[in-house]
Amino acid sequence: MIRRLVARPTGLFAVVVLGLLVVLAAVSLVWTPQDPFRADPFHQWASPSPAHWFGTDAAGRDIASYLLAGTRTTVLVAVGSGVIASVVGIVLTAVGSLTARWVREGTAVLLDVLVAFPTLLTAMLLTAVAGGSLGVVVVSVGLSSGVTIARVARGEIRRIARSDYVTAARASGVGGSGVLFRHLVPNAAPLFTVQLSLAMATAVLAEAGLSYLGYGAGSDTASWGSMLADLQTYIGVHPWSATWPGAAIALVVAALSLLGDAVRDATDPRLTTGDRTGRNRAPAGPGVTA
Amino acid sequence: MTDATGGLEVRGLTVRSPGRTILDDVSFTVPPGRRLGVIGASGSGKSMTSLALMGLEPTGATVSGSIRLDGTELVGLPDRERARHRGSGIAMVFQEPATALDPLRRVGAQIAEPLRLHRGLDRRAARAAAVELADAVGLPDPGSLLRQYPHQLSGGQRQRICIAMAIAGEPSYLVADEPTTALDVTTEARILDLFAGLRAGMVFVTHDLAVLARIADTAVVLDAGRIVEEGPVASLLASPQHAATAALVDAARATARRTAP
């Protein structure tokens, strides 16, 4: 599967970028070029140089080191929100599609209401209760992504449950759990993967946004979001400095969103196996490259 | 609950969805090994008859009346018990073989599933039995064909897979809902030969009178959810009594005239 994944340009891009991100996050635990938090009043706004690869900021801190330290926050946010979104998404999808009729239709209404609940509001509420921290970002983004995933996945499960092949499987005697694990779950998995990768991408963006607004990491945690918030104030004078965290965020978000599509394409037999008859070619949907 | 008569006995089968009666007091009997045709225009209740026989009517529909399979009453059974009869007592072949197979599973696995369920075979034995079954339904080179995914097969091959799936549990009855409508004429003829060679009794739903004449001895005509006429296929076609039957026969004659050389 990995070979099929990297055979596509989008898959290769996603794997390389995200692989690099994880490696850099691991490296940053033991080594950064400089101390990312050490202010140096004699070298404010230094240009890129061998000592400061990406230059320094208003306090003379090394941008490259700070960026590197921020990878940990990005990985933590993406993975943490992804895990929470998966758990919340799977539970709500199951309750919303496999239970008694009134329970699942009640869940559908609940999901529609919850989807309208802004992530920012959740973050503000959590901050009011628990105080500002990275955990607030992870939990609030995870919850709202989980609700979005459940809303889409519920519809998909209901559609598959009514499909001819599920009816045919039931007609041949396959019972509830057989239908669930051999037909419903595998056929809903591609959509789930795509939604999850989008949720992780959204989480990275939302961390930047929430940190910008002061709901995310404190000043003792290096984060690309708070970095961007600091540096963009000076963008008219020192345009280069804000570009680094901006580009890093954009790159990771793009890689995460493409990863889902690439995984889906790499696991769909209609796209990866030959067609003996030459007919019945699967239509190339949006997001299908190569 | 059992009585001496075997076979499939349907008495007063009625299906209602909220505000509408889809099937109204449908009764017929199919002795073991015999084939009954069910004909009618679109919307006459043919497909609902098949689904109700399987106990797979859509949610919200209520079924009343009686369906007895070899003396056992099926209507009103809890779904868990009803499921035990599906595939082994009575199985079904669907109209559209392109959508009746799971696109993500190899066709061999889809045949093996009912084999493991009904014959209690382990994985290896089920695989061997699937090859035998594929061979029995006339699939070429079953060993490699069963490793394919549904989209890699032709329409006729896919319908043969569906038939293999349906007969895997050695059902005494088979419900076939327009199983050749989605196929080309040559393939249709071969698939009909395959059906005609099966041992199972059959409820064969079709709107095509040529198919009916080929597969069934007796038939019932459905119109707006009711049986309006029944009898031997030959006499139904030669001297239709009800307007709905006559309309089907006329339409078939008109098509035959248009397509005649």
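**View 1. Leu77(B) sits in a loop of chain B.** The loop joins strand S5 (72-73) to helix H2 (79-85); helices (H or I, at least four residues) and strands (E, at least two) are DSSP runs numbered from the N terminus. This is a predicted model, in which local features need pLDDT of at least 70, side-chain atom pairs count only at pLDDT 80 or more, and totals for chains, interfaces and linings use all residues. Residues are numbered from 1 along each chain as its sequence is written, and chains are lettered from A in the order in which they are written. Leu77(B) counts as partly exposed because it has 15 C-beta neighbours inside 10 Å. The cut-offs are 20 or more other C-beta atoms within 10 Å for buried, 12 or fewer for exposed, and partly exposed in between, with C-beta atoms placed from the backbone. Arg16(B) is 61 residues away along the chain, and the two C-alpha atoms are separated by 18 Å.

**View 2. Chain B meets chain A.** Contacts (C-beta atoms, placed from the backbone, within 7 Å) link 30 residues of chain B with 23 residues of chain A. On the chain B side, strand S6 (90-93), helix H3 (107-119) and helix H6 (155-167) each give two or more residues. H3(B) gives the most, with 4 residues.

**View 3. The largest nonpolar core holds 141 residues.** Such a core is a set of buried Ala, Val, Leu, Ile, Met, Phe, Trp, Tyr and Cys residues joined through C-beta atoms within 7 Å. Val137(A), Val204(A), Ile111(B), Cys162(B), Ala164(B) and Ala219(B) touch the most other members. Helix H8 (residues 176-212) of chain A gives the most to this core, with 14 residues.

Key. Contact = placed C-beta atoms within 7 Å.
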